[in-house]
Amino acid sequence: MQASKSIEKFHSLPNIRDGMSEGDLRKLYSLSLSQIRKHAEFGEYSYKPASFNIRWIYGYNPKVGVINLKDQDKSDIFYAAGNCGVVYDWEKHQMRILQGHKHVVSHLATDAQGKWLVTGDSGPENIIIIWDSADFFPQKTIFSPHGNNKLAKLCLSADSKYLMTLAYQETAVLYWWIWSFGLDVPHATLDVDITCDGILDMSFNPNNSLQFLLLTKHDIWIGTAKKIFVTERGIVKETDNYELKIRLPTRKVASEVGKLTCFTFAKIQVIVGTSKGAVVIYSASVGNVDSVNMNYEDLKFIKILKVEQYRINVIQNIDGIIVTGNDGGEIHFYDEQLKLLYWIHGFQVDSVQGISFDMVRRSYRVLDPKCNKECPCFEKVNVGLDPDTKLPRQKLMRKAIPSDATTANKPFVVRDFILCTYNEGVYYVNFTNETLLPVLDNKIMSALTLSVHPEKPCLCVGYTDGIIELYNYLQHKLFARLDLREYFRVIILPDEDSIEGDTIIKYPDLSVTCLKYSPSGLHLACGLDTGELMFLDPITINILTPKPFQDTSYAIKEINYSCDSLTLALADTGRTVCVYKYDCVKFEWQFIGKHRAHYKDISAVFFLPQKNENGDYKLLSLGADRMMVEYDVGESSEEYLEILSLDRIDQMAVPLTGIPWPTPSDVDQECCRTDVPMILVATDEHKYKIINYATTMTLSTVLGPRFEQPVCRMELVTKDGADSGDKYLVFATKNVIGLQKMPLDGNPWKHAGLLGHPLQITGMCFREDSGTLFNIGAKDTCVYQWAANYRSVDTTTKQGGGDLDPYYCLVEDGRPGWLFHEIRDLFYYIQILCQGTFSPDMRRVKDYIPIDSLPDMMRALGYFPSEYEVENLLVEAKFKVYQRVPSAEIDFEEFVKLYINHRPAFPDNVRKIRNAFRHFAAPNQKDEYVINREDLVQLLNNYGELAISISSFNLLKFPIATCLFLNIIEGNIFSQELTYYLLSILYGKSFEDRAEVEGEEFDFLPEEITLSELLTNIIGVQDSDNFSDYSTKETRASQIVLSSSESED
């Protein structure tokens, strides 16, 4: 029974049919992921493709480190990049990316043979995944190992049996797992009296996997795991339960030690490195140092040795050799008595941050031929096989290998290793000739911007500290690197009377904030955080601008070109738009003008494919102020950018991004217009809006992807880059990337998304002909390369079905639910009203209702649009974006789609009411926010648009509380009569009571209205104190799976 329980929890695959035998389960778990996808033998398991497949990751997370997995068959290294683990074969230039984490992977571990790989993240819903390095299939996933506490450390024993995790509550908490049992609870726990973030490192004893050690800044803690014994009837019995014990060995306090930084096990000793170049030695025995059986209770402080001048960052024991790496970039080798044997002579790096040796011990034989060269006799020597590993030995020339520092001058050879530096990348060190081979050539700096060449396989990335890198994204190799700080450095020569005579070199503090290739690929613009604009060679990234343009003092955040690549517009963080033109005679860019037309941040600036009368392409900018500004580039001169129009495009929604929107090629030109000037805008209300930029009229409102955050980046692309191919919308939210199939109609099955970055996507570009997406994220040095999978959205679109089938998941309780039945009943009821309520004629049920009745229908269903939104609703229903002749009626299917697309994507919440209330309220003597009775009535009567009349209210029996709730949130005007009517009903006034009062007296309201009064008596929220402050979109989990509709089913 226990074995069956372990097997049941060993994997977590969806849709596995109940009732499978244990043998079938074992067979399933032995399959690789590719085999499962191919056969799908068990149950209803079906593999669902994602919208993007990750292909490569440039860069790594230096805080996590790099683990060397190299053996005789492969040259792998294991490191973290974003929310992924990466296994990279640097000799074959192949990469395996381990996906499964939602948050940044902050912990890595492996066993002594590199068979099992462990990744862990530290997010609020952190998980630990244990991978099999043979097929990179996850063998065990532990969800929230410490509950709501974040994972702080983890380690895996050398024999891979045990896993230990660390988290902090009030003190440090250790969980000890026998992970192969497949249980979701630890086998032993222990509270350690160490404050938060006090443990620097922890590890198992490689010679005894039941022992472990914790390192703090000033002490070490040695612990062990033991089975629990119980006494029954005088007989001591062993149980299956474990307990953890730990102790703190005391040591001598000395000023030359500094703080502890790292440690390693050496048989029965523990050697600890310090920040002042000393080592602290602990031992379980003073005499017998050859034993490997260390009793944790006998471990005690022995002595302190000063061995180096710099801070020791890493110390390891490999094949009986103690290896250290320090802040000075030095690598030293000692014997177990801490006698210096060797140090690296051939190179020196900025700082040694990590050392990871090959998995397999070096097997070699030293030959010393008289000719001292690799002659034919040397090649003929058969050195045989290593008796331990059964692998061929390596032949080494005595003269070509290092010698130790002893008087015997013996040959000194250790394993090759991976070397991690501070800011010079990761190298593979061939110890016999002391050469460095670059493995990961990346700097420690955050990526801020990127752009891809439209024709050549060139990807340009800009970083903080003024670094620009050019990659060949097909070969996945770095082609060129440009340091702008070095280019703009200032050399100050010493004064003639200077005593020291030193030359001072000053480097500017700058970052590359924006890069953009032109559509023709002939220009590459580079914007800096200082406001400077320069142009680079698009192929070699050499600087072409002798003196950068300095027309703004704010950081440049967006650059766009016109369709002919001859005009450039940029937007900065100071809300200014600048325009430049390329002189084809002088072959140089010239500044045209600038203008600050927005009073809030600019969301997008882009050129349209249409031209003005003067022959220049139209230029638009959108801002968080809800304004759309059109600029007249042709009439601009003397560094002043003329404005052609400035209009507000929305009442409430804030535009986050916008792109030109073409007319579909399949529209009927006889009944539809093909010359409508349109743009597509994504707003913060999770909606797309197609806007006629000539009239600023919203032609269509479409529900967008309902992830945690709205769409803030998008690009219209064509499959395979062909003009006649299917069109898709590539979009990105705060941390999700996805594809959406055209046309836009609010169908949730037509888009698919997945997690693109664990924190926030700060840049995205798409290569249309190859379907390749690149993105970067906040506080991240990595660049992610994805391949678009158009079939994923094609598949989900077919799965969603036709007609209204894909929309039922957006209606509460689906098709059989109360809301859909209410929609159907009201659709019939509105026909009765239109035919006359008391008409004696025979009722005729039709599939259409008058379009003019749409606002009443929407309000009857609980969606109260403002008059501005009503106008947009009617325009969309009548013209359907492209129709020449307006329609007068709308059918049931079109109405349901309009209702779903126009109503709020998520219900409102108490927090929104509180914010609106505090905007108009003022604190009283008790520091409570209140609104006076007269102020509330005046607020309802005088602020906002003209709302519904009392007659229409009576006609459709609107929910009174919801109607007033709309007024608080949206700011609609109610007449004095309607305000009195609504409030009196809410406060229990009968018809007779209202008839006795002359005029509209509001004495029944309290003089001061608090938020609680508003929620309880006016809006009607039951138990408002316990009502959630969070909206649906703030509490729901991130939908990063195939499509957002699936999670709602």
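R859 and D856 sit 3 residues apart in helix 8 (residues 854-860), so about one helical turn separates them. Their side chains meet in a salt bridge, with N to O at 3.7 Å. R859 is buried, with a relative accessible area of 8%. D856 is partly exposed, with a relative accessible area of 23%. The model is predicted.

## The chain overall

The protein chain has 19 helices and 67 strands. Of its 1049 residues, 53% count as buried. The accessible surface of the chain comes to about 48,900 Å². Carbon and sulfur atoms hold 48% of that surface.

Sequence separation in the contacts can also be given. Among contacts with a separation of 6 or more, 52% come from residues 24 or more positions apart.

## Salt bridges between elements

A search of the whole structure finds 27 salt bridges. One of the pairs is R481 with E469, at 2.7 Å from N to O. R481 lies in strand 35 (residues 477-483) and E469 in strand 34 (residues 467-472), so the pair ties together parts that are 12 residues apart in sequence. The two ends differ in cover. R481 has 30% relative accessibility and counts as partly exposed. E469 has 1% and counts as buried. The cut-off for buried is under 20% relative accessible area. Salt bridges with shared partners also join D441, E469 and R481 into one network.

D794 and K741 form another salt bridge, their closest N and O atoms being 3.2 Å apart. D794 belongs to helix 6 (residues 790-800) and K741 to strand 56 (residues 736-741), so this pair ties together parts that are 53 residues apart in sequence. Both D794 and K741 are buried.

## Strand 24 and its two partners

Strand 24 (residues 331-334) is covered on both faces. I331 and F333 are buried on one side. H332 and Y334 are buried on the other.

V323 has F333 of strand 24 as its bridge partner. The two strands form a hairpin with 4 residues between them. In this hairpin G329 takes a positive phi near 80 degrees.

Strand 25 (residues 340-343) is also antiparallel to strand 24, joined by 3 bridges. Here Y334 has L340 of strand 25 as its bridge partner. Strand 24 and strand 25 form a hairpin with 5 residues between them. L338, in the turn, has a positive phi of about 65 degrees.

An open sheet holds 4 strands in the order 26-29-30-31, with antiparallel pairing. Strand 26 (352-357) and strand 31 (435-440) stand at the edges. Each has a single partner strand, so one side of each is left without a neighbour in the sheet. Neighbouring strands of this sheet are turned by 30 degrees against each other on average, direction ignored.

How many bridges link strand 26 to strand 29? Strand 26 pairs with strand 29 (residues 417-421) in the antiparallel sense over 5 bridges. F357 stands opposite F417 in strand 29.

Key. Residues are numbered from 1 along each chain as its sequence is written. This is a predicted model: local features need pLDDT of at least 70, side-chain atom pairs count only at pLDDT 80 or more; totals for chains, interfaces and linings use all residues. Side-chain values use heavy atoms; hydrogens and water are left out. Buried means under 20% relative accessible area, exposed over 50%, partly exposed in between (1.4 Å probe, protein chains only). Two strands pair if DSSP finds at least two bridges between them. Contact means heavy atoms within 4.5 Å. Accessible areas come from the Shrake-Rupley method with a 1.4 Å probe; for residues, only the protein chains shown count as cover. Axes are lines fitted to C-alpha atoms, for helices over the stretch in contact, and angles run from 0 to 180 degrees between N-to-C directions. A salt bridge is a side-chain nitrogen of Lys or Arg within 4 Å of a carboxyl oxygen of Asp or Glu.
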